[in-house]
Amino acid sequence: MGKYTAEELLLADLSGSKPLIENLLYERDNVILLGKEKSNKTTFALQMCCHLTCAEPFLGQFEIPRAVDCVYIQAEGKLSSTKTNLQNMTKVIPMDGKKLLVTCYSSIFLNTEEGIKQVITDIDAWRRPELIVIDPLYQSMSGNIASQTDSTAMTANLSHRSEYYQATILLIHHAHR
């Protein structure tokens, strides 16, 4: 971010993003995981988080250079189901439970000042994550996802959060929405 003359830009030490998961997920990226309803997008994202907390290769083949703190923002579904899923996952997937924060909101509007303040308060009370998962997108914003105004407000707030935390944002979204 910032402004540069062409000369300054060419001389600037700007490094590319380093991988969180080799060939899959990179530092300070904004990524969307898109799939049909009930296609295990949430399971996939939670498995990523588990592996990232302890730097174990994702799916046994994608290297993770170092353990990172992750936040999983659950905006639909039951917290008890997430607990059961994590219990089942950790029978076969390693995880450092201290490095994963799960927040659960019946719905949180991240394109509103009130919603973003709530999430910032909850995350800041914990620590600065390097991955923030928002599941799902349509339950995490007010208004109409097809509306330019609503979706622009949402993406602007997410970009600000990515910059603020120097974190990767992973959005989970249903393909039909």
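Good morning. I begin with Ile 169, which is buried, since its relative accessible area is 2%. Buried here means under 20% relative accessible area, exposed means over 50%, and partly exposed lies in between, with a 1.4 Å probe and protein chains only.

Please keep in mind that this is a predicted model, in which local features need pLDDT of at least 70, side-chain atom pairs count only at pLDDT 80 or more, and totals for chains, interfaces and linings use all residues. Residues are numbered from 1 along each chain as its sequence is written, and side-chain values use heavy atoms, with hydrogens and water left out.

Where does Ile 169 lie? Ile 169 is part of strand β7, and this strand covers residues 168–174. Helices are DSSP runs of H or I with at least four residues, strands are runs of E with at least two, and both are numbered from the N terminus. Not counting residues up to four places away in sequence, Ile 169 touches Asp 29, Asn 30, Val 31, Ile 132, Ile 134, Leu 158 and Ser 162. A contact, in this talk, means heavy atoms within 4.5 Å. Two of these partners, Ile 132 and Ile 134, have numbers that fall in β6, residues 131–135. Pro 19 stands 150 residues from Ile 169 along the chain, and the C-alpha atoms of the two are separated by 14 Å.

Let us now turn to the whole chain. The protein chain has 5 helices and 7 strands, and along the sequence they follow the pattern α-β-β-β-α-β-α-β-α-β-α-β. The radius of gyration is 17 Å, close to the 16 Å from the globule rule for 177 residues, so the chain is as compact as a globular protein of that length. That radius is taken over C-alpha atoms, and the rule is 2.2 Å times the number of residues to the power 0.38. Along its principal axes, the C-alpha trace spans about 55 × 40 × 35 Å.

Of the 177 residues, 38% are buried. Among contacts with a separation of 6 or more, 73% are between residues 24 or more positions apart. In total the protein chain exposes about 10000 Å², of which carbon and sulfur atoms supply 51%; such areas come from the Shrake-Rupley method with a 1.4 Å probe, and for residues only the protein chains shown count as cover.

My second residue is Gln 74. Is Gln 74 buried or exposed? Gln 74 is buried, because its relative accessible area is 2%. Gln 74 belongs to strand β4, residues 70–74. The side chain of Gln 74 reaches the backbone oxygen of Glu 76 at 3.3 Å, and a polar atom of that side chain lies 3.3 Å from the backbone oxygen of Lys 78. Leaving aside neighbours within four places in sequence, the contacts of Gln 74 include Leu 79, Thr 82, Val 102, Tyr 105 and Asp 135.

Asp 135 leads us to a further feature. A cis peptide bond joins Asp 135 and Pro 136, with omega of about -10°. Pro 136 sits in the loop between β6 and α5, the latter being residues 148–165.

Two loop residues have a positive phi without being glycine. Ala 55 has a phi of about 60° and lies in the loop between α2, residues 41–54, and β4. Ala 55 counts as partly exposed because its relative accessible area is 24%. Gln 166 has a phi of about 55° and is found in the loop between α5 and β7. At 37% relative accessibility, Gln 166 is also partly exposed.

Which residues does Arg 128 contact beyond four places in sequence? The partners are Asp 69, Tyr 164 and Tyr 165. Arg 128 and Asp 69 are 59 residues apart in sequence, yet 7.4 Å apart in space, C-alpha to C-alpha. Arg 128 lies in the loop between α4, residues 113–124, and β6, and with a relative accessible area of 44% it is partly exposed.

Glu 7 counts as exposed because its relative accessibility is 59%. Glu 130 is 123 residues from Glu 7 along the chain, and their C-alpha atoms are separated by 32 Å.

Thank you for your attention.

Methods
Polar contact = N/O pair within 3.5 Å; in protein donor to acceptor, adjacent residues only side chain to side chain.
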